[in-house]
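Keep the viewer open and follow along.

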Amino acid sequence: MKKTILLLLACPILQAGAQQPALPVRNTIAVEAADSPADIIRKAAHVVPTANQYAALQNEFIAFIHFGPNTFTRMEWGNGKEDPSIFALQNLDTDQWCAAMKAAGMKMVILTVKHHDGFVLWQSRYTQHGIMSTNFRGGKGDVLRDLSASCRKHGLKLGVYLSPADLYQIENPQGLYGNLSRYTRRAIPRPVPGRPFRNKTTFEFEVDDYNEYFLNQLFELLTEYGPVHEVWFDGAHPKTKGGQQYNYAAWKKLIHTLAPKAVIFGREDVRWCGNESGKTRAEEWNVLPYSTNPTTASHFPDMTKDFLGQRSELAGARFLHYQQAETNTSIREGWFYRDDHRQKVRSADDVFDIYERSVGGNSTFLLNIPPNREGRFSPTDSAVLYETGRRIKATYGASLFRGAKGPQAILDGNANTAFNLPGTTGAIDITTPAPVTINRIVIQEAVRTSSERVEKHAVDAWIDGQWKEIATSTNIGYKRILRFPDVTAARFRVRIIESRFAPAISHISAHYFKSRPPQLSITQSVDGLVAIAPLQQEFNWKPHGENATKNLSTFDIYYTTDGSAPGTGSAKYTAPFRMPPGEVRAVSVQGKDQSDVFRQAIGLIKQHWKLSAASSERNRRPATAAFDANSKTFWQSADGGPHSITIDLGATHQLKGFAYTPQTVNAEGMMAKGRLMVSQDGQQWQLAEPFEFGNLINDPVTRHHYFRNSVSARYVRIEATETAAGSPSLTIAELDFFE
Ligand code: FUL
């Protein structure tokens with residue numbers, strides 16, 4: 001049953017046992033009015049990635065680099081009014097970035113050559129708002145040039161993030177964004193005296209000023225830095241103006257011509273996974289239902305939905321289209337570097353866990369590592385990358401099914417060969433030469449030729465003379481990693497239980513990962529009790545209702561409250577405890593293995609806080625929910641501002657800062673900007689500091705604001721001056737104050 005891709009692509013074959021004949025495979029298949037639900041499913045089972053999409057899937061683990069003025073202002077979103085000199089870069093070491101990314105096993109890096117603030121990191125001919133107006137290398141520096149040279153040296157592919165939203169072009173009086181200019185025929189690239197292009201390709205498009213600017217910049221990016229493999233269009237828009245439209249058809253034509261190997265993120269090739277915090281769906285399908293033709297669509301499915309491509313979702317589709325998910329998240333709290341003491345960095349345990357859930361969950365893992373103000377990855381971030389790479393290699397570098405008996409097309413390590421099941425169910429037996437101890441199985445479908453078809457599968461091991469089920473899961477697609485407790489056996493069986501059409505399995509391998517002490521979460525109750533417990537990940541895989549970490553009962557937790565590093569000599573955690581405001585640092589220990597350090601700032605105890613006033617409230621969303629130590633409940637004001645909440649802290653405190661936790665039920669009322677007012681008596685008020693939080697809707701996680709100088713207060717009042725996306729009400733899930 002060994003077939004090459006060429007053969008499969010060339011002839012739609014009648015598969016024995018399948019109820020209906022195979023269809024030709026396509027990247028998009030239209031649904032006809034007369035199609036029955038079964039016809040739709042059969043069509044979905046013939047939707048495949050393009051060659052570029054497939055190459056992008058094979059990258060598996062890729063890097064994001066967020067770098068720019070925000071690195072220096074410590075903001076998540078700039079405002080476009082930054083003086084370029086804020087970008088006070090002195091040194092840049094892209095070789096250091098690439099060495100660490102390569103060691104992590106990443107295959108590509110995508111640089112934010114222009115984030116929403118509009119500042120460009122390359123020597124563009126079309127603006128002065130960028131690196132050319134800084135002192136970096138006398139105004140001649142070019143971050144993309146350095147990075148592309150380092151990528152070549154280290155064998156990494158290159159991608160560019162060019163933000164369509166451009167606050168500099170919006171805010172600047174001569175700005176091109178939304179300036180209501182006429183759409184006319186314009187030549188791209190627009191010639192600039194003294195700055196000729198080596199690439200002589202030219203285009204003509206009917207565009208306005210901003211689209212022309214954008215296309216000129218894309219032309220520079222795609223012709224002067226070597227091959228580009230991904231162009232990333234962020235859907236986030238801090239602001240828009242003048243009804244600005246994007247002429248995407250022109251952008252696409254230019255990209256397809258100049259970067260024929262590139263996939264486009266944010267449009268039809270690659271999609272957002274729906275969150276920025278590393279969550280993965282238990283079932284991630286890449287064949288999606290569209291209501292309009294995806295190649296010309298201006299409406300896309302809601303990528304944040306819990307279910308996207310399941311059978312039940314396909315029923316109303318007009319088009320079925322392959323569009324793979326990218327799980328994008330940052331190694332640090334926030335997308336940009338802020339500091340090395342407060343900004344949390346994900347541990348290798350965490351990054352490795354996301355790797356297994358995302359790459360092994362039919363998506364690509366896009367991990368952001370924001371360089372610091374020295375132009376380098378901070379040592380902590382680098383160490384995590386090296387360690388993650390070591391674990392990936394040690395775990396997945398070789399299969400424990402080496403030398404096993406079973407379908408060779410599955411065991412040969414060749415992605416171009418596949419075993420075609422005769423029907424929609426079946427079993428694949430694998431026998432190893434000697435018993436092996438495993439806790440991971442990797443399964444892949446030949447998605448390029450035969451789409452994603454498996455809807456339910458299980459793995460059994462032959463133990464004590466009978467088959468014992470060791471893992472079950474749903475879809476497979478490009479890759480599924482099953483995690484389960486250690487099992488030792490010499491016979492295994494993968495059962496395909498349900499499929500959309502007879503599937504083609506291209507790969508099965510077995511692996512062993514030495515379990516690590518669990519990751520921890522540290523919480524504080526309303527009366528100040530601090531509890532430390534294993535992290536319960538909402539989206540974690542629990543193939544058997546078990547966590548991937550085995551023997552949870554055998555670990556110990558040690559912690560400190562004085563800022564020192566915790567270890568087995570520190571206090572052992574036995575029960576929740578109270579402590580003065582400060583920081584808890586904790587580790588879990590299992591035998592000789594110690595977890596990474598988990599840190600949590602502990603704020604003022606809220607037990608005696610009182611609500612003094614709230615501008616308004618809604619039923620079931622009372623203002624007291626803003627400080628009930630429960631981030632699932634939240635305060636929501638009535639529509640129409642100004643919105644404020646005043647709290648009596650019960651005693652005077654020297655405040656260093658505060659944290660705002662947004663609600664996550666919907667995107668309403670996120671507090672983008674505000675002022676913290678303080679008072680000793682509830683009568684005389686004084687401004688402590690204004691504050692600003694960017695990117696709340698896409699990334700609704702706890703945000704911290706620390707004051708330049710600590711402020712003394714018994715009463716605090718938060719006045720919101722701006723809500724994200726102009727929401728008419730304000731919502732606060734939780735407020736914390738730190739002393
Ligand atoms: C978001 C942006 O607003 C963030 O700043 C970041 O660039 C992230 C990757 O996408 O939507």
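UniProt positions are given here in the numbering used for this model, with feature names shortened, and such annotations may be inferred rather than shown by experiment. With that in mind, the unreviewed UniProt entry lists "domain: F5/8 type C" for residues 597-739. The model is predicted, with local features needing pLDDT of at least 70 and side-chain atom pairs counting only at pLDDT 80 or more, while totals for chains, interfaces and linings use all residues. Residues are numbered from 1 along each chain as its sequence is written, and side-chain values use heavy atoms, leaving out hydrogens and water.

In the listed span, residues 597-739, the end C-alpha atoms lie 22 Å apart, and the composition is 0% helix and 52% strand. Helices (H or I, at least four residues) and strands (E, at least two) are DSSP runs numbered from the N terminus.

Now to the interior. A nonpolar core is a set of buried Ala, Val, Leu, Ile, Met, Phe, Trp, Tyr and Cys residues joined through side-chain atoms within 4.5 Å. Buried means under 20% relative accessible area, exposed over 50%, and partly exposed in between, using a 1.4 Å probe and protein chains only. The largest such core has 80 residues, and Trp97, Met101 and Leu254 have the most contacts inside it. Helix α8 (residues 209-223) gives this core its largest share, 8 residues. A second, separate core of 31 residues includes Phe627, Ile645, Ala688 and Leu730.

Which residues does tryptophan 97 touch? Taking contact as heavy atoms within 4.5 Å, and leaving aside residues up to four places away in sequence, its partners include Ile65, Phe67, Leu92, Val143, Pro371 and Phe377. Rings of Phe, Tyr and Trp (its six-membered ring) pair if their centres lie within 6.5 Å; planes under 30 degrees apart count as stacked, over 60 as edge-to-face and the rest as tilted. By this rule there are 43 aromatic pairs. The rings of tryptophan 97 and phenylalanine 377 have centres 5.8 Å apart and planes at 5°, so this pair is stacked. The pair links distant parts of the chain, since tryptophan 97 is in helix α5 (residues 94-104) and phenylalanine 377 in the loop between β14 (363-368) and α12 (379-396), 280 residues apart. Both tryptophan 97 and phenylalanine 377 are buried. Elsewhere, one aromatic cluster is formed by Trp609, Phe627, Phe658, Tyr660, Phe691, Phe693, Phe707 and Phe737.

Leu254 brings us to helix α9 (residues 248-258), where the buried residues include Trp251, Leu254, Ile255 and Leu258. The buried residues of α9 pack against β6 (184-188), β7 (203-207), α8, β8 (230-232) and β9 (263-265). Two strands pair if DSSP finds at least two bridges between them. β6 and β7 run antiparallel and are joined by 5 bridges, with isoleucine 188 opposite phenylalanine 203 in β7. Look at the two faces of β7: Phe203, Phe205 and Val207 are on the covered one, Glu204 and Glu206 on the uncovered one.

Next comes an open sheet of 3 strands, ordered β2-β12-β11 with antiparallel pairing. Its edge strands, β2 (28-30) and β11 (287-290), each pair on one side only. β2 pairs with strand β12 (residues 319-322) over 3 bridges, and alanine 30 has phenylalanine 319 as its bridge partner in β12. Helix α2 (residues 37-44) lies across β2, β11 and β12, running at about 20° to β12; axes are lines fitted to C-alpha atoms, for helices over the stretch in contact, and angles run from 0 to 180 degrees between N-to-C directions.

Is strand β17 (residues 454-463) enclosed or open? Of its 10 residues, 7 are buried, so β17 is largely enclosed by the rest of the structure. β17 runs antiparallel to strand β19 (residues 480-499), with 7 bridges joining them; lysine 456 has glutamate 498 as its bridge partner in β19. β17 also pairs in the antiparallel sense with strand β18 (residues 466-473), over 7 bridges, and here tryptophan 462 stands opposite tryptophan 467. The hairpin of β17 and β18 has 2 residues between the strands, and aspartate 464 takes a positive phi near 50°.

Finally, find glutamine 58 in helix α3 (residues 51-59). Glutamine 58 is partly exposed, with a relative accessible area of 36%. Beyond residues up to four places away in sequence, glutamine 58 touches Ala415 and Tyr478.
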